[in-house]
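Please open the model in your viewer and keep the selection tool at hand. The tour below goes from one selection to the next.

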Amino acid sequence: MARACPDRARVNYFLGLAYAECQNYPQALESLREAVTICSDYPEALYQRGLIYFALGNFQFAIADFNYALHLYSQFYGGTGFDTVGSTIDTIEGIVGDFCSPLSERQQALQDRVALAKLHNDRGLAHEKWGDSEAAVADFNRAVRYDPDFAAAYVHCGNVYYECGNYDAAIDSFGCALVVAPDSSAIVYRRGLARAARGRATEAIADFNHSIALNPDCAKVYLHRGITHMQTGNWIEAVADYERAIWLDPESECAYLQRGLAYHELGDFEGAIADYNRSLELNPDLYHAFESRERAHKSLEASWEPVPTPDDFKSVAAKAYLYRGIESIRIGNQRGAIADFDHALAIVPDNVEALYNRSIAYNKLNDCEAAIADLRRILQLHPDFGNAADRMFQLQLEFNSHKFRFGTILHPISRHWQVWFALHGRYVTCVFASGERSLAESVRGQLETALDARELDAARAIVEVIGNVESIDGSLPVDPLPDNSVEQIERRMRRFA
């Protein structure tokens, strides 16, 4: 459209394209910005800059540039704004349909029509990424009004409908795309997914068959055909599809999990367990595999009624982390236990057992604050949970009575006596050092005396003493304690508690 732009603007425009081709996006943006500065009515430059913003993930800026480029296009065709799509299309179709017009004018109108379709399609993608599904669908529909043979726009529209759960509209959009591109295995596959999600298993399998005929080496098509076979109870056909998917993609944890489920239904529990183990090796957080593996183990021992709801899958996975966390507490691995309880709570946030046991692990690490927070959460969920109330009361007493603790320690490297204090049994901090143990003990005594004198404002008492100790004759630089010395102090405090 920028037929009247100065040569300098066009040079910057093509320079921007060259930089973009080399993925030098900062220079590309600068060149395109210069082109737009020189010639503000330059829709091609705005469009290309929008594409670069899109590639960089700045979708809001991309939409702004696409908006203005469309505004300029519509002004060229006599519209009053970039939303006057109907009149713009009519104007272009009038030029294209007027065979008395010069050939160059008709060709230019056709090119502009395709350009407008691309621009609407790209703005639709930006709207989709920005989270505005409604605006995205509107743009994709405008794109195919400009160019009815624009298969990608139909597909993008179908994808948005699919993600929004409007499977009938998705099926229709993918069908329109297949009218334009009947030999696209990817589009046939997408329509198969939508049909499967809609519960039309027979039609979905037909689409997957067609997609495989067009492209026999796509693992995900076999995977989803297998899943659809399982929905109709065709376990043997499902296993065959999963085996093909694994052969094409040996790292597909989903294919191993699904094949394990099919083996389970066929009574091959050992094969199912092997597949569940492999899926967990590939993805340790695949909680469906925990539940399925437990069912398979129990089926080897006795009859077991499957409970295939997502909530039950989550419950069993949370239990697996919970039980491992409890065992970790027993062997003294408190941090490992906390990590397992964290996993359990990520799956089931209101898991009271995980909260209670995590509070025990926190307490063993002398982290009373975190332990009390977990107990308080339990009482919010279950006010009648007596153990939590009693335990929280006990911890609060300990927490308040042992707010500050003091001591002296011989630094293992400098061999100086250092005075330390800890808040709530943690945050071991040294505040004074001396070559004379008696002087260090005197400073420790000052800390203790200051705390006794100002019980209600202990923190201020500690700050005042720390501010004075550096001026004491015989004061030496305070060196950080090695980790093993800090652990020694923490063990001493745990024995004291």
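Begin by selecting Asp-183, which sits in the loop between α9 (167-180) and α10 (185-197); helices here are DSSP runs of H or I with at least four residues, numbered from the N terminus. This is a predicted model, in which local features need pLDDT of at least 70 and side-chain atom pairs count only at pLDDT 80 or more, while totals for chains, interfaces and linings use all residues. Residues are numbered from 1 along each chain as its sequence is written, and side-chain values use heavy atoms, with hydrogens and water left out.

Asp-183 is exposed, with a relative accessible area of 65%, where exposed means over 50%, buried under 20% and partly exposed in between (1.4 Å probe, protein chains only).

Next, select Asn-12 in helix α1 (residues 7-21), a residue that is buried, with a relative accessible area of 13%. Not counting residues up to four places away in sequence, Asn-12 touches Ser-31, Leu-32, Glu-34, Ala-35 and Ile-38, a contact being heavy atoms within 4.5 Å.

Now move to the largest nonpolar core, which has 41 residues, with Tyr-13, Tyr-42 and Phe-66 among those with the most contacts inside it. Such a core is a set of buried Ala, Val, Leu, Ile, Met, Phe, Trp, Tyr and Cys residues joined through side-chain atoms within 4.5 Å. Helix α4 (residues 59-76) gives the most to this core, with seven residues.

Technical notes. Helix = DSSP H or I, 4+ residues; strand = E, 2+ residues; numbered from the N terminus.
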